[in-house]
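Biologist: Please take a close look at one part for me: a single chain, and how its copy sits against it. Keep it brisk.

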2 protein chains.
Amino acid sequence: MEFGEVLSKRRMVRHYTEQPVSREALNRVVEAGRRAPSAGFSQGQAFVVVTDRTDRQAIARLSDEDRYLAAGFDPWISQAPAHIVICTSEKAYRLRYQEADKSSTGAEPNWPVPYWWVDAGAALQNILLAAVDEGLAAGFLGSHALPGLADLLDIPADYQPIGLVTVGHPAPDRRSSSLDRGWRPKEDVIHWNRWLRPDPPS
Amino acid sequence: MEFGEVLSKRRMVRHYTEQPVSREALNRVVEAGRRAPSAGFSQGQAFVVVTDRTDRQAIARLSDEDRYLAAGFDPWISQAPAHIVICTSEKAYRLRYQEADKSSTGAEPNWPVPYWWVDAGAALQNILLAAVDEGLAAGFLGSHALPGLADLLDIPADYQPIGLVTVGHPAPDRRSSSLDRGWRPKEDVIHWNRWLRPDPPS
């Protein structure tokens, strides 16, 4: 699919048909996540792809899916034929930036920005876009809504899940009420040359 | 361009020709950043697009570009015809998650994952990919290497720059030595169903 079409079609979808997703398509989607850039090529991200029905149902229980049903949503977590859990390791970055080519003293840099989280977001975006490119749809549920996820999937202590991407064939879904807020005005979000300088004529 | 081609062509490029980038192309690239998803549709990201030559040279001075030249790289920061600074606001997320639809008590959620950084990474990735789709190339320099950037661009205190994306027409560049590390083995990065469970036959 054309990149522009992928970009404009991408949205969080929270309802899937019962059609399974092929292993090949899933492989391509998660590989897109693996190809995301990382500071110092630290590659501190890792992925757990959950297709096992029992595990997906266990994850749905962790998410307290009933609260979605009570709010009129579909059971999008248990019904999604695949879950991709994205994990990131702060430790991988700290070790990488102590290596000789990054630190002459072995001392860690100042970290004004925690790139382990930023890079996990880049991997997340690649996965969301790659799902659309496969003709699939994806949603996202953050880790704050999934207590016990790391234990369930045997994720080691030095990796932290940022949440899970649900992947499946799209079904008509209920729109998130968050979208009713509308987009922020473009001129508040995109600044040219200086934050406070007015937008130049194009 | 096909999504798969964009994905496979994307890499950090640190050398650009003198050819300028059209305002229309830049607009599309930064719009791709604006379209990235955000937790609770917080839209806590903002962008400063710097095309002014004097400002770009000032940014290059902040980055201590001479150390790249000393290491045999091209002056990729001062030569890039456009810089896109990506900013994120933790405050925007904290305010969003105190709203009635996110909190019945007005209390903030527990934040095991700082989504303001994750979502900035998603915006970054959209920008990097959109540049490739325009036939351009992009690089990234983190905020730890840009002291004083927020002051230079009048970025308000509640927004933090994660770094800048250099955008231009690609010229033959010197590869980052970080890439010599090679990719981590796929089986260490992608796990199926449980972290420790062996990869099933495909």
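**Chain A and its copy**

Modeller: Read from the N terminus, chain A runs α-α-β-α-α-α-β-α-α-β-α-β-α-β. That makes nine helices and five strands. Bear in mind that this is a predicted model.

Start with the extent. The C-alpha trace of chain A spans about 55 × 50 × 30 Å along its principal axes. The chain has 202 residues, and 56% of them count as buried. Buried here means under 20% relative accessible area.

Next, the contacts. Take the contacts in chain A with a separation of 6 or more. Residues 24 or more positions apart account for 81% of them.

Now the surface. The accessible surface of chain A comes to about 8,500 Å². Carbon and sulfur atoms hold 49% of that area.

Then the charges. Chain A carries 23 positive side chains and 26 negative ones. The centres of these two sets lie 4 Å apart.

Last, the copy. Chain A superposes on chain B with an RMSD of 0.0 Å. The same surface serves both copies: of the contact residues of chain A, 100% recur in chain B.

How values were computed:
Residues are numbered from 1 along each chain as its sequence is written. Chains are lettered from A and ligands numbered from 1 in the order in which they are written. This is a predicted model: local features need pLDDT of at least 70, side-chain atom pairs count only at pLDDT 80 or more; totals for chains, interfaces and linings use all residues. Side-chain values use heavy atoms; hydrogens and water are left out. Helices (H or I, at least four residues) and strands (E, at least two) are DSSP runs, numbered from the N terminus. Buried means under 20% relative accessible area, exposed over 50%, partly exposed in between (1.4 Å probe, protein chains only). Contact means heavy atoms within 4.5 Å. Accessible areas come from the Shrake-Rupley method with a 1.4 Å probe; for residues, only the protein chains shown count as cover. Lys and Arg count as positive and Asp and Glu as negative; His and the chain ends are not counted. The place of a charge is taken as NZ of Lys, CZ of Arg, CG of Asp or CD of Glu. Copies are superposed by least squares on the C-alpha atoms of residues with pLDDT of at least 70 in both.
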